[in-house]
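Hi,

Here is the structure I promised to pass on.

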Amino acid sequence: MLNVSGLFTEYVSDKGVVVQAAKDVSFEVPKGKLFTLLGPSGCGKTTTLRSIAGLEKPTHGLIEVNGQAVYSAQKGIFTPPNKRGFGMVFQSYAIWPHMTVFKNASFPMEVGAKKYSPAEIKSRVMRVLESVELAQFHDRDATRLSGGQQQRLALARALVMEPQLLLLDEPLSNLDAKLREKMRFEVKKIQRELDITTIYVTHDQSEALALSHEIAVMSSGRIVQRGTPRQIYETPNSTFVADFVGAINFLDATVKAINPGEHSMVLDSEIGVIETPNPEGFLVGEKVQVCVRPENVHLSDEAPHLNHANHYLGLVHLKIFLGEVLDFQVKIGGKLMLARVHPHQKTPVDHPIYIHFDPSNCVVFKR
Ligand SMILES: Nc1ncnc2c1ncn2[C@@H]1O[C@H](COP(=O)(O)OP(=O)(O)OP(=O)(O)O)[C@@H](O)[C@H]1O
Ligand SMILES: [Mg+2]
């Protein structure tokens, strides 16, 4: 449905310095899917979204919607934003304070180039207000809504024109943690119910994992990995992605032996010998980094069976109670390993503890 290809967008600062904010950005989004641009502050997410909207003019590339170019550097095409038919919700969404909920949502229909009859406006606005569960508040002053309700109203306003593409830039960032989590489900529900193709921008990895059909992780203006939430989380292609999408342990190691038949290798690491998968391309003697997610690090008070790989004895250094899980920092030699376990694990601080992780849960990168 949406095809972005080889997109470059730059800014020229007041001192004349050129900032390349989007570099060779390419992705496709099939109809009805939610695609997320995820990355740290300043990596070029908003720039990419604004380029799709037509609010920034790229320097190179192609943006097509249903095979129709809205921007093409080669053909000199640039469709102005109001002719693209996209809906947008910005990071700092603005609710118009002197209007009712209904008026806020109907405004785009009243000021647009296309004329609608009052009956048409009423039926469409009430339909979108129903989909965001605000219909009962239609005649209320928009300022007399909670933060989450205002957020849903901003969404309704973007949906009322029945856009072919919905662009959302950190739409939940103004909400408190609890409400953000609730709204996450609502955005997902509305997006899935209306089957509306959506580009979602966020720097919050858990939001991206929870909402998306596909995620593109960005760094310094470039997409560094694309994949389903599970692929991004379980098989990151770099230490940057591994680190950005969730807590992780990094271990410095050196390849000691490769077992080609078993697709495994043995490494010397800062906590001892580690067995890992061998995804090819590694050589004996090579310096690597091993990544293990804390929820894959298991703890036990008893010594494990000796024939299992990747067991180590450490000391409990620190415990952090997070409610549904308990984080243990376990000291092995000079290294602190993070393990995320069920709170029933009661081993006190300074007591010995065994840790174990499965070779298949290790991801290895060249250093
Ligand atoms: N109007 C502008 N003029 C000059 N430089 C800009 C402008 N807007 C953004 N930039 C720069 O372009 C780069 C990308 O900015 P962008 O707003 O796309 O980042 P972002 O990923 O959306 O970050 P955040 O998560 O903080 O919103 C940054 O280095 C930023 O400083
Ligand atoms: Mg931004």
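Predicted model: local features only at pLDDT ≥ 70, side-chain atom pairs only at ≥ 80, totals over all residues.

Which element gives the most to the shell around ligand 1? That would be α1, with three residues. Before the rest, some housekeeping. Residues are numbered from 1 along each chain as its sequence is written, chains are lettered from A and ligands numbered from 1 in the order in which they are written, and side-chain values use heavy atoms, with hydrogens and water left out.

**The ligand**

The residues around ligand 1 are Tyr11, Val19, Ala21, Pro40, Ser41, Gly42, Cys43, Gly44, Lys45, Thr46, Thr47 and Glu170 (a residue is near a molecule if one of its heavy atoms lies within 4 Å of it). Both β2 (18-29) and α1 (45-53) supply at least two residues of that shell. Helices (H or I, at least four residues) and strands (E, at least two) are DSSP runs, numbered from the N terminus.

By type, the shell holds five nonpolar, five polar and two charged residues. Here Ala, Val, Leu, Ile, Met, Phe, Trp, Tyr, Cys and Pro count as nonpolar, Asp, Glu, Lys and Arg as charged, and the others, Gly among them, as polar.

On its own, ligand 1 has 640 Å² of accessible area, and the protein covers 62% of that (Shrake-Rupley method, 1.4 Å probe).

**The chain as a whole**

There are eight helices and 21 strands, and the C-alpha trace spans about 80 × 50 × 45 Å along its principal axes. Of the 367 residues, 47% count as buried. Buried means under 20% relative accessible area, exposed over 50%, and partly exposed in between (1.4 Å probe, protein chains only).

Thr202 is in strand β9 (residues 198-202) and is buried, at a relative accessible area of 1%. Its side chain reaches the backbone nitrogen of Asp204 at 2.9 Å.

In helix α6 (residues 205-211) you'll find Leu209, which is partly exposed at 24% relative accessible area. Leu209 and Leu38 are 171 residues apart in sequence, yet their C-alpha atoms are 9.7 Å apart in space.

Now for the backbone. Most residues other than glycine have a negative phi. Asn66 has a positive one, near 50°; its place is the loop between β4 (60-65) and β5 (68-72), where Asn66 is exposed at 53%. Glu162 also has a positive phi near 50°. That residue lies in the loop between α4 (147-159) and β8 (165-169) and is partly exposed, with a relative accessible area of 47%.

Lastly, Ile320, in strand β17 (residues 311-321), is partly exposed at 35%. Together with Leu318 and Leu322, Ile320 makes a nonpolar surface patch of about 230 Å². Patch residues have over 30% relative accessible area and no salt bridge, with nonpolar side chains (Val, Leu, Ile, Met, Phe, Trp, Tyr) joined within 5 Å; a salt bridge is a side-chain nitrogen of Lys or Arg within 4 Å of a carboxyl oxygen of Asp or Glu.

Cheers

Notes
Patch = residues over 30% accessible without salt bridge, like charges linked within 9 Å, V, L, I, M, F, W, Y side chains within 5 Å. Polar contact = N/O pair within 3.5 Å; in protein donor to acceptor, adjacent residues only side chain to side chain.
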